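Here is a friendly walk through one model, to be read with the structure open beside you.

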Amino acid sequence: MSFKIDRGLFKYDFIDHHAVLCVPVDADVKEIRKRYLKIARRLHPDSSFTETAAQKHLGNELLSKLVNPAYEKLCGDRTRTEYILILSQIGKRLVQESTSVTLNTDLGRQLADAPNIDHFYKSAIAKIGETQYDSLEQALQVIAQVSELNLVYLMRSASKSSAAPPPPAQPKVQSGTPQPNTPKNIPPAPASTPPKEDTIVEQYVRRAQSLIDKNQFAQAKVELQDALKLEPKNSRCHSLIAMVYLKQNQLKMAKIHFDNALKLDPNDETALQWKPKIDKALGQQPSDHKVTSSPNNGDKQPDKSGSGGLFGGLFGGKKK
């Protein structure tokens with residue numbers, strides 16, 4: 001039996017295991033296990049519920065094909081780490097595509113406008129969980145509803161975390177008022193300076209960033225490889241191409257370039273954010289930023305990470 005859901009996060013070729021178990025996306029392992037045991041007792045064919053043979057069969061199918069895989073994914077150390085990384089990327093993607101997101105339920109629309117998003121979201125999830133599998137025939141529709149709540153919550157949370165603080169207010173200088181500590185014999189700076197022309201490498205980087213924003217990772221990688229041929233010690237180029245490899249599920253190549261970026265610029269924010277997560281996903285201890293491959297030869301090495309596709313559920317689905 002095939003269970004197909006095309007709403008909520010499932011629309012993005014992603015299996016929403018949190019929706020299957022009806023737990024919040026930030027639920028801990030203890031909460032997930034408690035919820036799983038409750039559902040398993042309900043769906044197991046040897047349960048005490050007096051149901052028809054067809055209902056027992058449907059319950060067993062839901063348990064074996066949806067509930068058990070969800071529990072295994074969310075409670076395994078390695079699989080959980082990869083899954084949380086994917087959720088983080090989905091949230092950022094949803095913010096970029098927010099104008100095209102369609103909500104099908106009143107509860108989803110209410111969450112989108114709720115002032116206290118955390119309270120509304122978790123209260124709604126808990127209430128739905130009380131009766132999620134009471135009607136086995138309606139179970140997929142309930143999972144889809146929960147997944148839509150997860151979608152809205154991720155989108156709003158990512159939007160809030162990425163919102164930049166307002167720039168500090170500049171002090172106003174009244175006309176005719178001398179500025180302190182300004183020598184009188186130095187003429188004032190011109191009102192405006194001509195824009196600085198981008199270097200060739202900066203042009204490569206700008207084009208690559210534009211391609212990354214459009215999910216055109218292969219073309220972006222070509223631009224960044226050309227840039228690194230000109231400036232092999234450009235930390236920004238290494239950091240960007242590492243993100244390209246990351247979104248192409250090539251964790252080892254991403255690690256190599258994040259290592260290079262951090263060696264060249266220990267304060268590179270992108271590398272500092274993602275490098276430890278990649279180390280954990282690969283089952284390694286965080287490194288001390290040693291370069292393991294030269295930037296020119298590293299790109300030609302195939303990725304043999306065997307990671308199982310860190311971003312496969314997010315970017316490996318439908319072709320646009």
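## A loop residue to start with

N249 counts as partly exposed, because its relative accessibility is 22% (buried means under 20% relative accessible area, exposed over 50%, and partly exposed in between, with a 1.4 Å probe and protein chains only). N249 sits in the loop between α10 and α11 (251-264). Its phi is near 70°, a positive value in a residue other than glycine. Most residues other than glycine have a negative phi.

With a relative accessible area of 30%, N215 is partly exposed.

## What kind of model this is

This is a predicted model, in which local features need pLDDT of at least 70 and side-chain atom pairs count only at pLDDT 80 or more, while totals for chains, interfaces and linings use all residues. Residues are numbered from 1 along each chain as its sequence is written, and side-chain values use heavy atoms, with hydrogens and water left out.

## The chain as a whole

The secondary structure comes to 14 helices and zero strands (helices are DSSP runs of H or I with at least four residues, strands are runs of E with at least two, and both are numbered from the N terminus). Of the 320 residues in the chain, 42% are buried. Among contacts with a separation of 6 or more, residues 24 or more positions apart account for 72% (a contact means heavy atoms within 4.5 Å).

## Two helix pairs

Follow α9 into α10 and you meet a helix pair. Helix α9 (residues 217-230) and helix α10 (residues 235-247) pack at an angle of about 155°, with their axes 10 Å apart (axes are lines fitted to C-alpha atoms, for helices over the stretch in contact, and angles run from 0 to 180 degrees between N-to-C directions). That angle makes α9 roughly antiparallel to α10 (angles over 145 degrees count as roughly antiparallel, under 35 as roughly parallel, 65 to 115 as roughly perpendicular and the rest as oblique). The crossing of α9 past α10 is left-handed (the near helix is turned anticlockwise from the far one by less than a right angle; clockwise would be right-handed). On the α9 side the contact involves F217, A220, K221, L224, Q225, A227 and L228, and these meet C237, H238, L240, I241, V244, Y245 and K247 in α10. These residues divide into 10 nonpolar, two polar and two charged (Ala, Val, Leu, Ile, Met, Phe, Trp, Tyr, Cys and Pro count as nonpolar, Asp, Glu, Lys and Arg as charged, and the others, Gly among them, as polar).

Another pair is formed by helix α5 (residues 106-113) and α6, whose axes come within 9 Å and cross at roughly 160°. α5 is therefore roughly antiparallel to α6, and their crossing is left-handed. L107, Q110 and L111 of α5 make the contact with I117, F120, Y121, A124 and I128 of α6. Here the division is seven nonpolar, one polar and no charged.

## The nonpolar cores

The largest nonpolar core has 52 residues, and those with the most contacts inside it are L62, V67, L94, Y133 and L151 (a nonpolar core is a set of buried Ala, Val, Leu, Ile, Met, Phe, Trp, Tyr and Cys residues joined through side-chain atoms within 4.5 Å). At least two residues of this core come from each of α1 (17-21), α2 (29-43), α3 (53-75), α4 (77-96), α6 (117-129) and α7 (139-162). α7 gives the largest share, 11 residues. Another core, of 32 residues, lies apart from it, with V205, A220, A242 and M253 among them.

Beyond residues up to four places away in sequence, L94 touches L9, Y12, V101, L151, L154 and M155.

H18 is in helix α1 and, at 0% relative accessibility, counts as buried. Not counting residues up to four places away in sequence, H18 touches V23, P24, V25, L74, Y83, L87 and N150.

S235 lies in helix α10 and is buried, with a relative accessible area of 15%. Leaving aside neighbours within four places in sequence, S235 is in contact with A261, L264, D265 and D268. Of these, D265 is found in the loop between α11 and α12 (269-281), and D265 is partly exposed at a relative accessible area of 26%.
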